[in-house]
Amino acid sequence: MPELPVVIVGGLHADARKAAVERLLADVPGSVVLHHDLATAAAGTVVRTIRDATGLLGAGEAPLVNDCACCALREDLVPELLRIRDAGGTRMAVVELWDSVEPKAMAEVVTAGGLTVTGVITAVDPALVLPYLGNGDDLAERGLAAAATDQRTVADTFARQLEYAPVLALADSAEADDEDRELLAQLHPTARRVPIGHGAPAEDGLTVPTPRRGPLARAALAGFDVESAAAAQHPACALLPAEADAHGVATLVWHRRRPFHPERLYEALEDITCAAARSRGRFWLADKPDVLLHWDAAGGALCVESAGPWLASLPDAAWDMVPPVRRAAAALDWHPEHGDCCQHLVFTSPGLDRDGLERLLESCLLTDAEYAAGRDAWKRLPPAFDTLLEV
């Protein structure tokens, strides 16, 4: 075990998150929780608290950095963890993230600071997954923005929190049904799902806090690879969900080897985006044939951004600068004519109209005549996405 295992617990479902933290404190005696409350940012500071299973151990404030509460958290987090480590006597440090803080950035900050992240957990109430995925409100409207410039929505923030963590701590929700649980399973099929209420069992079978580690504590200390987690989210090599259909929830994996017509796709964006609770992946536009584009939609809102060049567009000499995981992902999906250029989009939702969505997507591809005209002609098509891509 590292000298100070650091476990990151996050999630917009605050009650579930707090319950997961309490479970970890109960199951790992000698652990502490470090929390930065960003709700006080309007007053110019972030409030830091440290506590253990018995209560508050200390509190302090960190000033905003560049008028940004999340930046203050970044600056203050590692020094506080190092202080806890150097003081000795702590078996595990739990970093409880504030509601809208995303675990990816914090895991990378902690690792860059020389500490060992052994687990990243997102706490989830299964009954709230669909309502949060469908919530297109800006975080600022809900009092959850981490900075004055924060333009994220509830839906896209929740989706990233959910999909980054390899462990999901599940609240025992009486309102959750089979559809809720199936939606969660299809959104993140590789996640280890651990009920929060299951602690370390005593000999008589009762669930009580004991020095024996329960399943959530074991998952928290199992180990975590920051680089692998980042690669699993990158649009070029993301571990996207597979086809599925159960309990009223379906996942459509749409994969094609022909580029989109920019104008037809742009005109269909609203219908495509609203067709599923969650959609993501990579896509190929005819007027930008060398650019890998990232599709990220939740809550009826779509984010489109460039993720750099397709590997097929790079000279051979540049491949050595590409991470091995990216090269491996491209090799698995290599086409003799187009290389790694493709459409690979995944849509997950209750009540998904798979046939209608497929027809709509197909209608946005280049026609046979447009395709046969070749790349020079493709590049002269109207650049409908330049505004979205801020070109």
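Six elements each supply at least two residues to the lining of the largest pocket: helices H2 (69-87), H3 (103-112) and H5 (154-164), and strands S11 (278-283), S12 (291-298) and S13 (301-309). Helices (H or I, at least four residues) and strands (E, at least two) are DSSP runs, numbered from the N terminus. The model is predicted: local features need pLDDT of at least 70, side-chain atom pairs count only at pLDDT 80 or more, and totals for chains, interfaces and linings use all residues. Residues are numbered from 1 along each chain as its sequence is written, and side-chain values use heavy atoms, with hydrogens and water left out.

**Largest pocket**
- Its volume is about 890 Å³.
- A pocket is an open set of points on a 1 Å grid over the protein atoms alone, where a 1.4 Å probe fits, with protein on both sides within 12 Å along at least five of seven lines; lining residues have an atom within 4 Å of a point.
- Volume is the space filled by probe spheres set on the points, which are joined across faces, edges and corners.
- The lining holds 34 residues, with Glu102, Arg152, Asp156, Arg160 and Asp296 nearest the centre.
- By type, the lining has 16 nonpolar, seven polar and eleven charged residues.
- Ala, Val, Leu, Ile, Met, Phe, Trp, Tyr, Cys and Pro count as nonpolar, Asp, Glu, Lys and Arg as charged, and the others, Gly among them, as polar.

**Second largest pocket**
- Strand S6 (116-124), H5 and helix H8 (226-231) each give at least two lining residues.
- S6 makes the largest contribution, three residues.
- The lining divides into 13 nonpolar, seven polar and four charged residues.

**Helix H1**
- Buried residues in H1 include Ala16, Arg17, Ala20 and Val21.
- Buried means under 20% relative accessible area, exposed over 50%, and partly exposed in between (1.4 Å probe, protein chains only).

**Lys379**
- Lys379 sits in the segment after helix H13 (375-378).
- Lys379 counts as partly exposed because its relative accessibility is 45%.
- Lys379 and Ala286 are 93 residues apart in sequence, yet 6.5 Å apart in space, C-alpha to C-alpha.
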